[in-house]
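Please read the following points with the sequence and the structure side by side. They are meant as a colleague's notes, to be checked one at a time.

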Amino acid sequence: MKNYIPNSIGGLLLFATVLLSFSGCVTDEANLNQPLDQNSSLEKVTEYPDPFPLENLRMDPETLKMLADLRAATAKYHSIEVAMADGYEQGSDCVASEDGGMGYHFVNFAAVDGTYDPTMPEALLYEMSKNGQMKLIGVEFIIVKEPWDIENDMIPYFGMQVFDEAFAPVPLPFDNYQLHAWVWKNNPSGIFAKYNPNVSCN
């Protein structure tokens, strides 16, 4: 089993390329009909008032590339019908806390095991829009802890980001490693934060 931990050699060219492709990716209103802005500059990113792009600027090139790949791989799931055809089904009502929300979890239960593919999340996160449509806002990786630990010596990582550990019986009835990635809705708490204050169940 390959553990997705970046090597320490990240070229400046790769950093610039990935930054340009991802700095404009995560917004409150993602538009799949518009190509990524290839004319973005570091100056534009650092002047942007929201702290989220600044967090991206501090990320290593490999993590940025993995986020861009994840976004590309899940773009089709803006259509919830496509997600359901691919095996995702509703696994929770809308989840919220005082720290923000997670939205509705649509889970591919057949994929919840001890393996990890950074482009194939086990759960998709949706928010109900004002017109009653489900809008894709993020993803969650869920790895069953016991089989993962048998094959691996360390906790899984997404790039440089270590997964969270969760222990039964809450929120799942088995010990697991999990990680949220807000690749489709801006999260001022951070792209890998568990809750998003911009997500509401109201």
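1. Helices (H or I, at least four residues) and strands (E, at least two) are here DSSP runs, numbered from the N terminus. The model is predicted, and for that reason local features need pLDDT of at least 70 and side-chain atom pairs count only at pLDDT 80 or more, while totals for chains, interfaces and linings use all residues. Residues are numbered from 1 along each chain as its sequence is written, and side-chain values use heavy atoms, with hydrogens and water left out.

2. As an overview, the protein has six helices and nine strands. Of its 202 residues, 43% count as buried, where buried means under 20% relative accessible area, exposed means over 50%, and partly exposed lies in between (1.4 Å probe, protein chains only). Among contacts with a separation of 6 or more, 58% are between residues 24 or more positions apart; a contact means heavy atoms within 4.5 Å.

3. The loop between strand 8 (164–166) and strand 9 (176–181) deserves a careful look, and P169 is found there. The peptide bond from A168 to P169 is cis, with omega near 10°. For comparison, most peptide bonds are trans.

4. F167 also has its place in the loop between strand 8 and strand 9. Is F167 buried, partly exposed or exposed? With a relative accessible area of 45%, F167 is partly exposed. If neighbours within four places in sequence are left aside, F167 is in contact with K145 and D175; the C-alpha atoms of F167 and K145, which are 22 residues apart along the chain, are separated by 9.1 Å.

5. In soluble globular proteins, nonpolar side chains tend to be buried together. A nonpolar core is, in these notes, a set of buried Ala, Val, Leu, Ile, Met, Phe, Trp, Tyr and Cys residues joined through side-chain atoms within 4.5 Å. The largest such core has 30 residues, of which Y116, L124, Y126, F158, F163, V183 and F192 touch the most other members. Two or more residues come from each of helix 4 (61–74), helix 5 (80–85), strand 3 (100–107), strand 4 (123–128), strand 5 (134–144) and strand 9, and strand 5 gives the most, with five residues. Leaving aside neighbours within four places in sequence, F163 has contacts that include Y116, F141, I143, F158 and L179.

6. Which strands pair with strand 5? Two strands are said to pair if DSSP finds at least two bridges between them. Strand 4 and strand 5 run antiparallel and are joined by six bridges, with L124 having V139 of strand 5 as its bridge partner. These two strands form a hairpin with five residues between them, and G132 in the turn has a positive phi of about 85°. Strand 5 also pairs with strand 9, in the antiparallel sense and over six bridges, and here V144 stands opposite N176 in strand 9. Strand 5 is mostly covered, since 10 of its 11 residues are buried.

7. Strand 3 has eight buried residues out of eight, so it is largely enclosed by the rest of the structure. Strand 1 (89–90) is joined to strand 3 by two bridges and runs antiparallel to it, with E89 having V107 as its bridge partner. Strand 2 (95–97) pairs with strand 3 in the antiparallel sense over three bridges, and the two form a hairpin with two residues between them. Strand 3 and strand 4 pair in the antiparallel sense over four bridges, where H105 stands opposite L125.

8. The count of disulfides (pairs of cysteine sulfur atoms within 2.5 Å) comes to one. This disulfide joins C94 to C201, with an S to S distance of 2.0 Å, and the link is left-handed, with -85° about the S-S bond. C94 lies in the loop between strand 1 and strand 2 and C201 in the segment after strand 9, so the pair ties together parts that are 107 residues apart in sequence. At 33% relative accessibility, C201 counts as partly exposed.
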